[in-house]
Every structure is written in structure tokens, then in C-alpha cells.
Amino acid sequence: MSDKPMRPIRVEEQARLVKAISLARRWLDDIVQGSIADINELAEREQRSERSVRMTLSLAYLDPAIVKAAVDSRLPRGHGVSRLADLPIAFADQWSALGLHRPA
């Protein structure tokens with residue numbers, strides 16, 4: 001992914017990230033299917049702030065290659081939930097923002 005040797009993401013961090021991505025995808029499905037009207041209703045249901053819900057939801061828009069790297073434990077240490085939340089929408093821009101190279 002990058003030119004220098006990397007220390008892999010910690011197991012606990014990886015588990016939190018994969019769980020958060022899964023949650024984000026479920027929430028997005030709830031919104032798309034209409035079972036939740038909006039972010040406010042979702043935040044109320046989940047007993048979270050709107051900001052927390054928005055940050056988590058942004059994980060539903062990660063490049064599938066980033067998600068696969070997370071699941072396969074190939075992300076560098078420090079690339080957990082807080083680092084991956086609120087990235088740009090364009091996949092190439094996500095990799096750039098993370099300072100990583102997209103695998104071929």
C-alpha cells in the first residue's frame with residue numbers, strides 16, 4: 001500500500017472498524033428503505049449525536065478495496081474508525097487522503 005514497511009492495524013482496532021462499517025451499511029439500508037425518515041430519527045433511535053451518526057454513516061461509502069483491506073487486516077496501524085470516517089466520496093481521493101496507494 002505504501003512504500004515504507006507498515007505495522008498492521010491492531011486486532012482490536014480492526015474489529016471496531018469492521019463492526020462500524022457493518023453498522024453504517026445497516027443504517028444506510030434503513031434510510032434507503034424508508035424505515036428511518038432521516039438522520040435525526042436515526043440518532044434518536046441509536047441514542048447518539050447526529051454528528052456521531054453522520055461520521056459512522058460515512059463509512060458506508062468507503063472504497064470496497066479499503067473495506068477488503070480492513071477485513072483482511074492489511075491496513076496500517078492507526079487507520080481505524082476515526083481515521084476512515086468522513087473521507088472524500090471519490091475512491092481515489094480516499095486513498096490519497098489516507099496517504100496510501102490503491103492496490104492494482
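## Salt bridges

Arg45 and Asp30 form a salt bridge in which the closest N and O atoms are 3.0 Å apart. This pair links distant parts of the chain, since Arg45 lies in helix H2 (residues 39-46) and Asp30 in helix H1, 15 residues apart. The model is predicted. Over the whole structure, a search finds six salt bridges, the Arg45 and Asp30 pair being one of them.

## Largest pocket

The largest pocket has a volume of about 230 Å³. Its lining consists of Arg16, Lys19, Ala20, Leu23, Arg26, Arg48, Ser52, Met55, Thr56, Val81, Ser82 and Ala85. The largest share is that of H1, with five residues.

By class, the lining of the largest pocket divides into five nonpolar, three polar and four charged residues. The charged group includes Arg16, Lys19, Arg26 and Arg48.

## Packing of H4 and H6

Two packed helices are described by the angle between their axes and by the distance between the axes. For helix H4 (residues 64-71) and helix H6 (residues 91-98), the axes come within 9 Å and cross at roughly 50°. H4 is therefore oblique to H6.

On the H4 side, the contact is made by Pro64, Ala65 and Ile66. These residues meet Phe91, Gln94, Trp95 and Leu98 in H6. The residues of this contact comprise six nonpolar, one polar and no charged.

How values were computed. Residues numbered from 1 in each chain as written. Predicted model: local features only at pLDDT ≥ 70, side-chain atom pairs only at ≥ 80, totals over all residues. Heavy atoms only, no water. Axes fitted to C-alpha atoms, helices over the stretch in contact; angles between N-to-C directions. Helix = DSSP H or I, 4+ residues; strand = E, 2+ residues; numbered from the N terminus. Parallel < 35°, antiparallel > 145°, perpendicular 65-115°, else oblique. Contact = heavy atoms within 4.5 Å. 1 Å grid on protein atoms, 1.4 Å probe; cavity = no way out; pocket = protein on both sides within 12 Å on 5 of 7 lines; lining within 4 Å. Points joined across faces, edges and corners; volume = space filled by probe spheres on them. Salt bridge = Lys/Arg side-chain N within 4 Å of Asp/Glu carboxyl O.
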